[in-house]
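I open the notebook on this entry.

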Amino acid sequence: DGCGHTVLGPESGSLASINYPRTSPNSTVCEWEIRVKPGQRVQLKFGDFDIDDSDSCHSSYLRVHNGIGPNRTEIGKYCGFGFQMDGLITSKSNEITVQFMSGIHTSGRGFLAAYSTTDKSDLITCLDNASHFSEPEFNKYCPAGCVIPFADVSGTIPHGYRDSSSLCMAGVHAGVVSNTLGGQINVVISKGIPYYESSLANNVTSEVGPLSTSLFTFKTSGCYGTLGMESGVIPDSHITSSSILEWPNQTGQVNIWKPENARLKRIGPPWAAFISDEHQWLQIDLNKEKKITGIITTGSTLAEHYYYVSAYRILYSDDAQKWTVYREPGMDKDKIFQGNTELYQEVRNNFIPPIIARFFRINPVKWHQKIAMKVELLGCQFSIGRAPKITLPPPPQNKNDEKNADFMDDFIHSVKTSLQTDKTTFTPEIKNTTVTPSVTKDVALAAVLVPVLVMVFTTLILILVCAWHWRNRKKKTEGTYDLPYWDRAGWWKGMKQFLPTKSAEHEETPVRYSSSEISHLRPREVPTMLQTESAEYAQPLVGGVVGTLHQRSTFKPEEGKEASYADLDPYNSPVQEVYHAYAEPLPVTGPEYATPIVMDMSSHPSTPLGAPSISTFKAEGNQAPPLVGTCNKLLSRTDSASSAQALYDIPKGQGPGSADQLVYQVPQSVAHPTASKDE
């Protein structure tokens, strides 16, 4: 009558004295016999020990024995208030006996202990929490039976659990370990949060928790995604039920609570059975085998219909014909899962080990008023690896090898038998992957090669596009004054042969300037002025007023305007216009010569009256363009037949009093051999 909380699993478990953690009653006794697999040993660890030692362990004590029965041998006898036993008590065989005696006493909580096989070196008890460990990440082994009423849990996944929570009980709540089996947990410590939510999962209710300095979460395999009830991946036709509730409301409209309404978080009514009994079910077809790790349920979620399922069984099948009821390993009874306690709250239950099946069925066994629920399944994709290849001995070559043939038959039979035994006896370890192990290397190679090839082809395409684009831009930027760099000089010479030949009467002569003019020029203009070849275009005007350049101009205006002697207006012309010191633009339909520069010699003081206007270039229709300005005209070419060179005189008005009338005379011309023809 002295046994308290007890869960004895095949590899681990938990045990406590009666009434723990309150004072144990007087004159009670309890004895636990623990067995593990043959060949293994048992280790015992105490989480709390508080037994009255007033009579030196005479009437109240805890005794541990090697073995079970009359042949057992004592390992030790223990008592004391707040006794600290840091080490482990280890048996010499796979059996151990724990005996608790409680005599007459006034205080003492008793004890709580955990056990496991000796290969679990990182065993902890159900009372250990995250604050007992300083590492930011660690692995521990939780024994079976850590869902205890005197341990606290605050928080939930994925946000985390408060650091004061029991590690193993939180692991059960999170679904990473089983309460009946125990298991390994991988804990990660991080910074705490201001508020910890409450939730119900795996028969563990976590409480609301306040701010803490740290929290912990668990590393898992990641196979906890939703399988398509809420999202609609599972079609309506794949959700069926044993019956459907139909009933008219006050307005006479018929309400049908169909099975496709059983989607978690879907607004509206749930699925409900027409008859509420233990033979009702809700079935989900996953279209192919999936790895199912958990289920989340709610009630009707309608305040006016307070319906929910409080307990249910789980069945699964591969063909929807033969059904298997879910049981925990080592148990001979169907597992009954805790359902909802009200119609709104989401309740989660995990399957450890997971279910591998295509068809999933929920069979309610307890409910409130009517069977009604909404559901979501948790899990991931599942695939089966290929069976291992069997290497056979070579066949017999002659009659003397009959023994070898018999041996080969025996070998094949033994291999087949061993494969069948392994398949039925042990649960295969299945990794969370959608790729079979035999093609993993090929997939890894393809995962590397495909991106590399895509990058190479993309780079080549970009290079070609950039080259084409650069070529087009290059063509667009090559204008009248920016010839291709590969033939800037020879291009015009080649084009000259297609142009009309100049007549001898308009043959140009080189232009020369005096040293006084050259001194006014910028350095970069000197080589241009002093060139000795015949100019291909009309030479720029030294002074005068011309119109603004228009289309088909043979000269490109320079940007900006630089002051020089050509900018002066010695005659104070009444009309001042914007000009560039270049020849007029070519006519639109005329030959491609520069527009002639026409000078009215009659208006110059040094020229006889009535002298005709002289042009150095041929113009369209032999008509001179209108003259701009009436006071000052400068000639850029001479028309005299006496000399082939043009020379300028010195400026007029040298001397005092004539500085304000500084002008240049018209160039003194030497008669050109062809002048008489022009006249």
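I looked up F150 first: its relative accessibility is 24%, so it counts as partly exposed. My scale runs as follows: buried is under 20% relative accessible area, exposed is over 50%, and partly exposed lies in between, with a 1.4 Å probe and protein chains only. This is a predicted model, so I note the limits: local features need pLDDT of at least 70, side-chain atom pairs count only at pLDDT 80 or more, and totals for chains, interfaces and linings use all residues. Residues are numbered from 1 along each chain as its sequence is written, and side-chain values use heavy atoms, with hydrogens and water left out.

**Aromatic pairs**

I found 17 aromatic pairs in the structure. Rings of Phe, Tyr and Trp (its six-membered ring) pair if their centres lie within 6.5 Å; planes under 30 degrees apart are stacked, over 60 edge-to-face, and the rest tilted. F150 pairs edge-to-face with Y20, at 5.2 Å centre to centre and 80° between the planes. Y20 sits in the loop between β2 (12-17) and β3, and F150 in the loop between β10 (137-142) and β11 (155-156), so the pair ties together parts 130 residues apart in sequence. Strands here are DSSP runs of E, at least two residues, and helices are runs of H or I, at least four, numbered from the N terminus. Y20 is buried, at 10% relative accessibility.

Next I checked F100 and F111. They form a tilted pair, 5.7 Å centre to centre with 55° between the planes. F100 is in strand β8 and F111 in strand β9 (residues 110-117), 11 residues apart. Both are buried. Which residues share one aromatic cluster with F100 and F111? I list W32, F46 and F49.

**Sheet**

I traced an open sheet of four strands, in the order β3-β8-β5-β6, with antiparallel pairing. Two strands pair if DSSP finds at least two bridges between them. β3 (28-35) and β6 (73-78) are the edge strands, each pairing on one side only. β3 and β8 (residues 95-102) pair over eight bridges. R35 stands opposite E95 in β8.

**Cores**

The largest nonpolar core has 26 residues. I count as a core a set of buried Ala, Val, Leu, Ile, Met, Phe, Trp, Tyr and Cys residues joined through side-chain atoms within 4.5 Å. I295, I314, F351, F360 and I362 have the most contacts inside this core. β22, β23 (308-317), β26 (347-368) and β27 (372-381) each supply at least two of its residues. A second, separate core has 24 residues, including V64, Y78, I96 and F100.

I then listed contacts of F351 (heavy atoms within 4.5 Å). Beyond its neighbours within four places in sequence, F351 touches residues including I295, I314, Y326, F337 and F360.

**Helix α1**

Is α1 (residues 167-174) enclosed or open? Eight of its eight residues are buried, so the helix is largely enclosed by the rest of the structure. Just after α1, G175 takes a positive phi of about 85°.

**Q280**

I ended at Q280, in the loop between β21 (271-272) and β22 (282-298). Q280 is buried, with a relative accessible area of 7%. Its side chain makes a polar contact of 2.6 Å with that of S242, and another of 2.9 Å with the side chain of D277. Polar contacts are N or O pairs within 3.5 Å; within protein, one atom must be able to donate a hydrogen and the other to accept it, and residues adjacent in sequence count only if both atoms are side-chain atoms.
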